[in-house]
Amino acid sequence: MTHQTAPPVVEMTGISVEFPPVKALDGVDFSLRPGEIHALMGENGAGKSTLIKALTGIHTPTAGTIRVDGVERRFTGPADARAHGVSTVYQEVNLCENLTVAENIMLGAEPRLLGGLNWRAMRRQAAVHLERMGLRIDPGSSLGSHSLAVQQLVAICRATVGDCKVLILDEPTSSLDTDEVAHLFTVMRALRDDGVAILFVSHFLDQVYEVSDRMTVLRNGALVGEFVTADLPAAKLVQHMIGRSMEVLEAAEEVAEQAERPAGATPLLQVVGLGRKGSVQPFDLDLYEGEVVGLAGLLGSGRTELARLLTGADRADVGQARVAGKATRLRTPRAAMGHGIAYTSEDRKGEGVVDGLTVRENIVLALQAERGWMRPLPRKQVDELVAKYIEQLGIRPANPEALLRNLSGGNQQKVVLARWLATAPKLLVLDEPTRGIDVGAKAEIQKLVAELAADGMSVVFISAELEEVLRISHRIAVMRDRRKVAEIDGGGATMDQVVDLIAGGGAA
Amino acid sequence: MRDVLRHHLFWPVAALVALLVANTVARPSFLAITVRDGHLFGAPIDILRITGPLLLVALGMTLVIATRGIDLSVGAVVAVSGAVALSHIASSPDPESPVTVLTAIGLALALCVVLGVWNGFLVSVLGIQPIIATLILMTAGRGVAMLITGGMITTVNSAPFKVLGSGFWLGLPVAAVIAFGVFAVVAFVVRRTALGMLLEATGINPAASRLSGVRSKTLTWTVYTASGLFAGLAGLLISADTMAADANNAGLFIELDAILAVVIGGTALSGGKFNLSGTLVGALVIATLERTVTVLGISPLVTPLFMALVVIAVTLLQSPRMRERLTAARRRQIAVPPEPQPAASPDSTEVKAR
């Protein structure tokens, strides 16, 4: 189906985007040909959405050229891009639920009549566009009355109004079920056969393999390569996405020594059939003292969801949990804390830091919350505790009164860690503790995790970076499609083995 | 000097001083305090007395605003409180007995606590937006007060109750002593326990606070309850001043004055960091402003307009963006060729859009 000979409709060369001091994209090349479905692949933070935003004019590249239909362009924003035939449909449907389907489709391109709107023509034209999508719904009905899948299709319908040469679909399938995905793919293929170039972003590997013709893989803001989908095995793709940054590997010492667990020891936390509808399938997991359990899997595979059930951040609707052999229910984070379970969220900004408070207040927050407001920690004890963790974790600036929002991401992460260490937890669940922080801080946190485990703490470690999980974990639970698919010994596991499990081939 | 200018209380205090100066210019005897029958008299004492109820309401409002909320129902709660107390006294055989008065106070405060609990329930358990949740009681509360008074303005004679509004204790107005006393105790408790920090954490990042084990729901519920209680106490002071239970007009618009006092005091309506000393100054500014209107002989018809102008001035001076512009303007005057501002407005909208 791919028009190998056709000149690219979009050609981006040497694109760099910087958010000082971070280089979000570094000299990335990307081309999109008419009549192809092109998947843009990469883990979180690889630069997929930055590339899309550079194309549509939301971010201004610091270097590189963008050509659309052979003409060099820098769009001023999505509206400008759309006027030149480049339309984007985002993960969250960006439409007005309170307007009708027709109004949503024709918004910005309304047929006019005598200074007002020509409502009849609007409905007629909208109906034509809907017909093309194979959507049989009343253009006069309100958008909010339709399912999310239909709304998604309406959003695509809206994007194709006018002269649409390039259609960008950012995670269009994340909230759709199998039948709805099938319908979406039918529509995508029809558009492709009409000569539209489709850029498709999805975290679901099987979907990418089902629908895409070619793919471009990004990692850490750099281009890994462009591949023909049919020629690239899934395991190879996962390897490309996750990478093996050996220099980081060698920066810290080998820490995953086999923990010596006495036979017949009671797990610190034992869960059986714990699950939550729409979040993660029921799973079993035993966590022992002094052991680091890594969770591996792609984004959206259920890693975070599993952690949230273990820590009471979300409430499980099936299954049992036992803490030190005693049945209990982890209904709230507070209840989990009562059992010595601590959780740092992957969403540091949204669920971790309290950026308007000081370093000191952030560090004592959990401990103080546990004691209740009526029993304030004595100031002297607070100062000692805060000084201890600033020293131990190397928090910079070493000023307890600094507002947290003025600290770098890595230091904010250390403060959140300190908040939990101050509560002296028995089980520490770390969700992406090293994401978005520099290599030095990363190595420090890894080292700290190893030390905590050596001191008898049980740690659950989640990371998108596989080599990090491999190095640090005594045991690895592998997640795929919101299910725990395997549990392997961390000491003997190889990268290839885990990659195979993640990609759904091999032993699974 | 710089540090003084930067202090968060600088502009509110400056506004207060400016108002006092304006009053003294208009009436040189304004600041004079005389002793009559062992009681202190004079405009400043009067200002303290009328600050009392507002300060109590603003105290509760500050705590509610710290959790990202707002309590619009306080005016109605003031009316309910006065209606309950005065109706109970009026219907009792012995309005002068301290027992009757204490029962009346107890009943009124208990009902106001219930109203506060109701607001807290709507916000923290049902998750209704605070502005809507408290709007319900803002309208319904006046109806409840009306029901209690039977639609009439009940006037009562009861010396022990009247003391709350116009009595003196150690030479100072009882209303002021109670309000400032309660304020001081609450401020002390909030800052000496961990309550203040936990409230701020809840207001700044509710999700992070929940994961850290902060009982955000309970805290939210507590502040609405406290707000109801303080509004009820304010209602007692107000009704004891007039000795008439007026369901329609008691505490009318006091919620707006209280919000203003909080904002003038430098607590952002977006929640989080709060500043009780600022609220104190804010309440004093508003009470002084009300007083100024009479001293300057401004017609009651245009009083709201005058008050609005002063409030606009104070809030503008506090706005960081406005201050930036002022400093920029001053710098431009110094720099010799005044360069043309290159498209300032599109720039600023762009920033906002992000």
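Colleague: In which loop of chain B is Met243(B) found?

Modeller: This is a predicted model, in which local features need pLDDT of at least 70, side-chain atom pairs count only at pLDDT 80 or more, and totals for chains, interfaces and linings use all residues. Residues are numbered from 1 along each chain as its sequence is written, while chains are lettered from A and ligands numbered from 1 in the order in which they are written. Helices (H or I, at least four residues) and strands (E, at least two) are DSSP runs, numbered from the N terminus. Met243(B) is found in the loop between helix H11 (216–242) and strand S6 (244–245) of chain B. Its phi is positive, about 55 degrees, although Met243(B) is not a glycine.

Colleague: How is Met243(B) classed by its C-beta neighbours inside 10 Å?

Modeller: A residue is buried if 20 or more other C-beta atoms, placed from the backbone, lie within 10 Å of its own, exposed if 12 or fewer, and partly exposed in between. Met243(B) has 18 such neighbours and therefore counts as partly exposed. In chain B, buried residues make up 47% of the 354 residues.

Colleague: At what angle do helix H3 and helix H13 of chain B pack?

Modeller: Axes are lines fitted to C-alpha atoms, for helices over the stretch in contact, and angles run from 0 to 180 degrees between N-to-C directions. Helix H3 (residues 43–66) and helix H13 (residues 276–295) of chain B pack at about 135 degrees, with their axes 8 Å apart. Angles under 35 degrees count as roughly parallel, over 145 as roughly antiparallel, 65 to 115 as roughly perpendicular and the rest as oblique. H3(B) and H13(B) are therefore oblique to each other.

Colleague: How many residues does each chain bring to the contact between chain A and chain B?

Modeller: Two residues are in contact if their C-beta atoms, placed from the backbone, lie within 7 Å. The contact takes 24 residues from chain A and 21 residues from chain B. On the side of chain A that touches chain B, H13(A) gives the most, with 6 residues.
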